Amino acid sequence: ILARNGQLSQALKMIEMIPIIDQSTYISKIILTSGIYYQLNQFQDAYAILKGALQNFPDHVDLRYELALNLEKLQEFNEMEAVLRAIIKDYPSFANAYNALGYSLAERNTRLEEARILIQDALKFKPHDPYIMDSLAWVEFRSGDLLKAKKLLEMALKSKPDPEIIGHLTEVLYAMGQKEQALSLLKRHLRRDHKSLLNLYQRLFPENQ
């Protein structure tokens, strides 16, 4: 909350006050700190923190996964893919790695069939995860199957009213020509702190500004 309100130094001081009792506490503090930078779009800072921690714990799966997410934001896609594939090899049931790689491919509208397979593999481990369902819906959207994308996103939204899921469903409805439904959905969930939804609203409905 402090970080989102621009009080970054206070947020980081609060994290520093957490005593390091064991390795788990140390890792949690690293991920929390990098997560704050991530939310503030300071991906290079988050990357540097995670990279430093990985020098001490090179095999820690959560640190490696967070590093991959930052590499994606830094558009270091080859390195990101290498990190995620290494996680999949070392931890074959780590669903989030399959999902992250599949979604990254779908978002870039490339290798869509490979993306679908990766995300379907993730669903085998987390069959009802709304974020993974959202990723699969995005593959279907990129592939042109708008009806299937809509059904998946509606299921995901019932489980988790997340801004990203809302944004994706809005885009699908808009692409299907259901612009009134898209606008209604967006307005119901539009808030000042949802920058992605605000940007989507401005892009799809400039006439309402």
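Colleague: Is the crossing of α6 and α8 left-handed or right-handed?
Modeller: The crossing of α6 and α8 is left-handed (the near helix is turned anticlockwise from the far one by less than a right angle; clockwise would be right-handed). This is a predicted model, where local features need pLDDT of at least 70 and side-chain atom pairs count only at pLDDT 80 or more, while totals for chains, interfaces and linings use all residues. Residues are numbered from 1 along each chain as its sequence is written, and side-chain values use heavy atoms, with hydrogens and water left out.

Colleague: At what angle do the axes of α6 and α8 cross?
Modeller: At roughly 25°, and the axes come within 9 Å. Axes are lines fitted to C-alpha atoms, for helices over the stretch in contact, with angles from 0 to 180 degrees between N-to-C directions. Helix α8 covers residues 130-143; helices are DSSP runs of H or I with at least four residues, strands are E runs of at least two, and numbering starts at the N terminus.

Colleague: Are α6 and α8 roughly parallel or roughly antiparallel?
Modeller: α6 and α8 are therefore roughly parallel to each other (under 35 degrees; over 145 is roughly antiparallel, 65 to 115 roughly perpendicular, the rest oblique). On the α6 side the contact (heavy atoms within 4.5 Å) is made by Ala 95, Asn 99, Tyr 103, Ala 106 and Glu 107. From α8 come Tyr 131, Ile 132, Asp 134, Ser 135, Trp 138, Val 139 and Arg 142.

Colleague: How do the residues of the contact of α6 with α8 divide?
Modeller: Into seven nonpolar, two polar and three charged. Here Ala, Val, Leu, Ile, Met, Phe, Trp, Tyr, Cys and Pro count as nonpolar, Asp, Glu, Lys and Arg as charged, and the others, Gly among them, as polar.

Colleague: And α5 with α6, at what angle do they pack?
Modeller: About 150°, with the axes of α5 (residues 77-90) and α6 (residues 95-107) 9 Å apart. α5 and α6 are therefore roughly antiparallel to each other. Their crossing is left-handed.

Colleague: Which residues of α5 meet α6?
Modeller: Phe 77, Met 80, Glu 81, Leu 84, Arg 85, Ile 87 and Ile 88. They meet Ala 97, Tyr 98, Ala 100, Leu 101 and Ser 104 in α6. By class, the contact of α5 with α6 has nine nonpolar residues, one polar and two charged.

Colleague: Switching to α4. How many of its residues are buried?
Modeller: Ten of 13, so α4 is largely enclosed by the rest of the structure. Buried is under 20% relative accessible area, exposed over 50%, partly exposed in between (1.4 Å probe, protein chains only). The buried residues of α4 include Arg 64, Glu 66, Asn 70 and Glu 72, along with Leu 63, Leu 67 and Leu 71.

Colleague: What covers the buried residues of α4?
Modeller: The cover includes α2 (23-39), α3 (43-56), α5 and α6.

Colleague: How far does α4 reach from its first C-alpha to its last?
Modeller: α4 (residues 61-73) reaches 19 Å, close to the 18 Å expected for its 13 residues at 1.5 Å a residue; the expected span is 1.5 Å times one less than the number of residues. α4 is followed by Gln 75, whose phi is positive, near 65°.

Colleague: Where is Asn 41, and what is its phi?
Modeller: Asn 41 is in the loop between α2 and α3. Its phi is positive, about 65°, although Asn 41 is not a glycine. Asn 41 is exposed, at 55% relative accessible area. Most residues other than glycine have a negative phi.

Colleague: What about phi of Arg 111?
Modeller: Near 50°, also a positive value in a residue other than glycine. Arg 111 is in the loop between α6 and α7. With a relative accessible area of 37%, Arg 111 is partly exposed.

Colleague: Back to helices. What is Lys 51 in contact with?
Modeller: Leu 67 and Glu 79, leaving aside neighbours within four places in sequence. Lys 51 lies in α3 and is partly exposed at 36%.

Colleague: Last one: is Leu 185 buried or exposed?
Modeller: Leu 185 is buried, with a relative accessible area of 4%. Leu 185 lies in helix α11 (residues 179-189). Not counting residues up to four places away in sequence, Leu 185 touches Leu 157, Ile 166, Leu 169, Thr 170 and Leu 173.
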